[in-house]
Amino acid sequence: MEIIKKDFGKKANLFILKNDKGTELAVSDQGARVVSLKVLVDGKQRETILGFDSADEYLAKDPFIGSSVGRFAGRIKNGKFSIDGEEYQVSIDPETGHNLHGGYGFDKYIWQAAEKKEADRVSVVFTLESKDGDEGFPGNLSVAVTYSLTNDNEWIIHYSATTDQATIYNPTNHVYFNLTGDPSQSIDEHTLQMNADRYVEVDGDVIPTGNLVAVQGTAFDFTHEKKMSELFAGVASEASGIDGLDHPFLLTTDTPQATLISPDKKVTIEMTTDDPSVVVFTANFGDGGPVMRGHKLADHGGITMETQVPPGVTDYPEWGSVVIRPDEAFEKETVFKVVVED
């Protein structure tokens with residue numbers, strides 16, 4: 001196992017983590033992002049995620065792709081939330097009136113990076129200091145995101161944080177999977193299964209309505225394996241009018257909580273998390289997708305599995321808690337295991 005460090009442009013670095021099975025996980029300190037996840041299929045390397053070849057492209061085309069998201073994954077309605085009765089106003093997108101992914105968020109920064117090698121894994125630890133008042137969020141927040149690759153073909157994301165003042169923190173990773181290796185192909189023929197019995201209804205602005213809807217009998221029932229084409233064919237009847245998914249699903253504790261299978265059945269991603277929900281987004285970009293690695297991204301050319309506390313929790317606290325305090329340690333972990341058919 002080894003780590004190779006390269007220049008990634010814009011004063012950023014690329015770290016390529018390699019295991020003994022020929023799997024390569026490439027991550028960058030620009031946005032603490034995942035750039036590439038290649039596995040050996042029939043003796044050849046296959047890319048499994050969407051990405052660009054330089055930090056410049058991420059900043060110019062889509063800084064969210066593959067990045068660490070913070071301080072808050074998803075949308076905060078009107079950019080308002082309260083802690084202990086005190087209301088806070090954070091930055092908002094002037095076009096929508098809501099805060100998305102923390103505003104000028106963690107995806108825009110160069111993080112500190114430290115390599116780590118152990119007997120069973122290689123890792124890069126990314127750290128960032130988010131100052132009190134950053135985008136309107138309270139507290140000096142020290143965050144760490146550790147990406148590890150094991151010889152069991154597990155890509156592990158470990159999050160930790162401390163704060164000197166009560167604040168909210170709800171991080172995730174914004175990687176898009178496309179297990180064909182070709183971003184010009186949609187994910188229609190991918191198969192998805194999730195141990196999720198309810199989803200969070202959202203409106204046309206992708207703001208949670210407060211309704212938790214049972215998946216049974218809906219287009220969002222992935223409790224059994226289903227091709228994504230079935231979802232796209234049936235989703236038009238869903239209340240938000242979104243052409244695809246951009247919804248939180250409430251997960252059960254049965255693991256793995258999500259399984260994504262390539263069209264040729266040769267690559268499977270098994271997701272296990274200690275987060276209570278996952279936001280699944282199906283790259284609903286229409287014809288507006290960027291060119292990446294020489295190919296124009298197809299509509300529905302990727303799928304995210306963004307583990308987090310469901311966005312909307314700031315308005316519906318019964319869904320969980322995203323408040324962290326100075327005397328509390330924040331820790332959570334998500335594992336993506338890659339299974340390749342021999």
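Buried means under 20% relative accessible area and exposed means over 50%, with partly exposed in between. The exercises below apply this scale and related criteria to a predicted model.

**Exercise 1. Classify tyrosine 104 and tyrosine 109 by accessibility, and determine the geometry of their ring pair.**

Step 1. Tyrosine 109 has a relative accessibility of 29%, so it counts as partly exposed. Tyrosine 104, at 45%, is likewise partly exposed.

Step 2. Planes over 60 degrees apart count as edge-to-face. The ring centres of tyrosine 104 and tyrosine 109 lie 5.5 Å apart with their planes at 85°, and the pair is therefore edge-to-face.

Step 3. Tyrosine 104 also has a charged neighbour: lysine 108 lies over the face of its ring, 5.6 Å from the ring centre. A further case of this arrangement is lysine 226, which lies over the face of phenylalanine 222 at 4.5 Å from the ring centre.

**Exercise 2. Describe the pair formed by phenylalanine 177 and phenylalanine 336, and state which parts of the chain it ties together.**

Step 1. The structure holds 21 aromatic pairs. In the pair of phenylalanine 177 and phenylalanine 336, the centre-to-centre distance is 5.4 Å and the angle between the planes is 55°, a tilted arrangement.

Step 2. Phenylalanine 177 belongs to strand E17 (residues 176-177) and phenylalanine 336 to strand E30, so the pair ties together parts that are 159 residues apart in sequence.

Step 3. Phenylalanine 177 and phenylalanine 336 are both buried.

Step 4. The two residues also take part in a cluster linked by ring pairs, whose members are Phe15, Phe126, Tyr147, Trp155, Phe177 and Phe336.

**Exercise 3. Locate the salt bridge between lysine 332 and aspartate 275, and state whether its residues are buried or exposed.**

Step 1. The closest N and O atoms of lysine 332 and aspartate 275 are 2.7 Å apart, and the cut-off for a salt bridge is 4 Å.

Step 2. The bridge links distant parts of the chain: lysine 332 is in strand E30 (residues 330-340), whereas aspartate 275 is in the loop between strand E24 (267-273) and strand E25 (277-281), 57 residues apart.

Step 3. Lysine 332 and aspartate 275 are both buried.

**Exercise 4. Assign accessibility classes to the partners in the salt bridges lysine 18–glutamate 24 and aspartate 120–arginine 121.**

Step 1. Side chains of opposite charge can pair when their charged atoms come close. A search of the whole structure finds 12 salt bridges.

Step 2. The side chains of lysine 18 and glutamate 24 meet at 3.6 Å, N to O. Lysine 18 has 22% relative accessibility and is therefore partly exposed, while glutamate 24, at 18%, counts as buried.

Step 3. The side chains of aspartate 120 and arginine 121 meet at 3.5 Å, N to O. Aspartate 120 is partly exposed, at 42%, and arginine 121 is partly exposed, at 23%.

Step 4. Salt bridges can also join into a network, as they do for Glu47, Asp53 and Arg293.

**Exercise 5. Identify backbone exceptions to the following pattern: most residues other than glycine have a negative phi, and most peptide bonds are trans.**

Step 1. The peptide bond from glycine 70 to arginine 71 is cis, with omega near 10°. Arginine 71 is in the loop between strand E6 (68-69) and strand E7 (75-76).

Step 2. Threonine 255 and proline 256 are joined by a cis peptide bond with omega about -10°. Proline 256 is in the loop between strand E22 (246-251) and strand E23 (258-261).

Step 3. Histidine 101 is not a glycine, yet its phi is positive, at about 55°. Histidine 101 is in the loop between strand E10 (99-100) and E11, and its relative accessible area of 7% makes it buried.

Step 4. Alanine 283 is not a glycine either and has a positive phi of about 50°. Its loop runs between E25 and strand E26 (291-292). Alanine 283 is buried, with a relative accessible area of 0%.

Note on methods
Residues numbered from 1 in each chain as written. Predicted model: local features only at pLDDT ≥ 70, side-chain atom pairs only at ≥ 80, totals over all residues. Heavy atoms only, no water. Buried < 20%, exposed > 50% of the residue type's maximum accessible area, 1.4 Å probe, protein only. Helix = DSSP H or I, 4+ residues; strand = E, 2+ residues; numbered from the N terminus. Phe/Tyr/Trp six-rings, centres within 6.5 Å; stacked < 30°, edge-to-face > 60°. Lys NZ or Arg CZ within 6 Å of the ring centre and 35° of its normal.
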